[in-house]
Amino acid sequence: MESRLRFLFLSVAVLAMPALTGCSSLPFFGQGEDTEVADAPEQVIEPEVERREIVQPKIDTEDFEIGVYAGGMSVEDFGVNAVYGATIAYHLNEALFVEGAIGRTDTEETSFELLSGAAQILNDDEREFTYYNASIGWNIFPGEAFFGPGRAFNQSFYVIAGLGSTRFGGDDLFTINLGAGYRLLFNDVFALRVDFRDHAFDTDLLGESKTAHNLTGHVGFTFFF
Amino acid sequence: MSPRPNSCISAVIALVVVLAGTLATAPAAFADEKPLRTVEVADPYLEMHTGPGKGYPITNVVERGESVQIVRRKTDWFKVRTDRGREGWVNIVQLELTLDEFGERTAIERIGRDEFLQTRWETGIMTGDFAGSDALAVYGGYSISRNLSVEVWGSQLVGNFSNGWLGTVNVVHETFPEWRVSPYFTIGTGVVSTSPKSTLVAQEDRTDQVALVGGGFRAYVTRRFVLRAEYKSYVVLTSRDENEEVEEWKVGFGFFF
């Protein structure tokens, strides 16, 4: 009777133990495993080989191109003047790039204003012509330009088109730009760019509504990073 | 008569002088040698082009067993230098067939769809029509989860009768982000400001709150780029008796990073 009770309590204790201690394996089986591990040969020499962290040098990428430019801009009816601005481009692949540009120029008086002497169509602030645009360019005709017998620079033509906005004559104008240019790379990071672009918008500044074409030619330097 | 054409030329000259100076001092700044990755050619030949593009001619080849150093990368082209000091540009497809220092295929970072799905930030530009006006929009977005993101939009509106600005904050739900062309839905709120054109009769500038609902598609193109097209319907909460309803269509591209 007594031994039966003891057996009962022991079994309850054994079964409850894992639950109480949170241990997942039964302690009796665990002990058996321990004795087997103790028989395994002891590791005498600790290997002193340190795990080497190999950091592979990073490859320099040059997919961005920033630059500044200056040149001349013919604003329809308002003369030809100096234009300057800045660009930033990202090269998607060898052929395509996307570019954001800003620029500004001051415009002159129209022929009418000059001849009439007094009449002023725009005030000084309105005469300032500023624009921004986002364009997609396509590099065509890649090749090399040779300067003397021992020097060759990479070059390519590109065609470019995009959309943007122009602030002129106290008005914001939705502007389409279209053009072509030439890029000459002095080395892998510096380039010379010559760019011709038409910035076209609809305007009714001089009374009747028309599409004004504003032709721009500029030279710029760009830096790849 | 006018000094302007001269100022044109002088602006260009000033630019050339300043940049020529930078150019002359630049090589010294770039001269310090950084460690470069070295790979071993495993294919019969590694073709070296004169420039980073298929259009540039192949002027050198490196034979199997020789090693080259990777100097720099431009899009999918890599400038390499041979043991003999020759330099040329190699396409990513060929470079991935070389072996690294462990004798394994060279692993090159490629930005692909997997990165696109894991990325958190996205920015882009879109253009289209906002109630008859031309809209130029720029946006920035942050993904909270794979499906949900928050976007901030700023648009310039250029119309025949009025110009304006639109700024909104949107919550975007992309239902199936893993689809190549994946639809999304959006709701948001913001502010629209319009001012009539100066050539028209004077009217007052207006700033109104807007609420919007919309949807669109995003399509992964290549590298870091996605194409987007979307439609949004706005309710302009005016101070007058009736609210205005405005529709907007836009297309554009995004850049994720």
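This is a predicted model: local features need pLDDT of at least 70, side-chain atom pairs count only at pLDDT 80 or more; totals for chains, interfaces and linings use all residues.
**View 1. Eight strands of chain A form a closed barrel.** The strands follow the order S2-S3-S4-S5-S6-S7-S8-S9. Their pairing is antiparallel. From one strand to the next, the twist averages 25 degrees. Strands of a sheet pair through backbone hydrogen bonds, either parallel or antiparallel.

**View 2. S5(A) and S6(A) lie side by side in the barrel as an antiparallel pair.** How many bridges join S5(A) to S6(A)? There are 15 bridges. Pick out Ile140(A) first. Opposite Ile140(A) stands Phe157(A), a residue of S6(A).

**View 3. Chain A meets chain B.** On one side, 39 residues of chain A take part; they are in contact with 43 residues of chain B. Several strands of chain A each supply at least two residues to this side, among them S2 (64–74), S5 (128–146), S7 (171–185) and S9 (210–224). Which strand gives the most? S3(A) does, with 5 residues. What kinds of residue make up the side of chain A that touches chain B? The count is 17 nonpolar, 12 polar and 10 charged.

**View 4. A strand of chain A pairs with a strand of chain B.** The partners are S1(A) and S4(B), the latter covering residues 67–74. The pairing is parallel and has 2 bridges. Look for Thr61(A). The bridge partner of Thr61(A) is Arg73(B), in S4(B). S1 of chain A, residues 60–61, also supplies at least two residues of the side that touches chain B.

**View 5. Asp77(A) has a positive phi.** Most residues other than glycine have a negative phi. Asp77(A) is not glycine, yet its phi is near 75 degrees. Where is Asp77(A)? Asp77(A) sits in the loop between S2 and S3 of chain A. Both of those strands belong to the closed barrel. Why does Asp77(A) count as partly exposed? Asp77(A) counts as partly exposed because it has 19 C-beta neighbours inside 10 Å, while a buried residue needs 20 or more.

**View 6. Ala131(B) also has a positive phi, in a loop of chain B.** The phi of Ala131(B) is near 50 degrees. The loop lies between S7 (121–130) and S8 (133–143) of chain B. Ala131(B) has 18 other C-beta atoms within 10 Å, so this residue is partly exposed.

Terms used
Residues are numbered from 1 along each chain as its sequence is written. Chains are lettered from A and ligands numbered from 1 in the order in which they are written. Two residues are in contact if their C-beta atoms, placed from the backbone, lie within 7 Å. Helices (H or I, at least four residues) and strands (E, at least two) are DSSP runs, numbered from the N terminus. Ala, Val, Leu, Ile, Met, Phe, Trp, Tyr, Cys and Pro count as nonpolar, Asp, Glu, Lys and Arg as charged, and the others, Gly among them, as polar. Two strands pair if DSSP finds at least two bridges between them. A residue is buried if 20 or more other C-beta atoms lie within 10 Å of its own, exposed if 12 or fewer, and partly exposed in between; C-beta atoms are placed from the backbone. Axes are lines fitted to C-alpha atoms, for helices over the stretch in contact, and angles run from 0 to 180 degrees between N-to-C directions.
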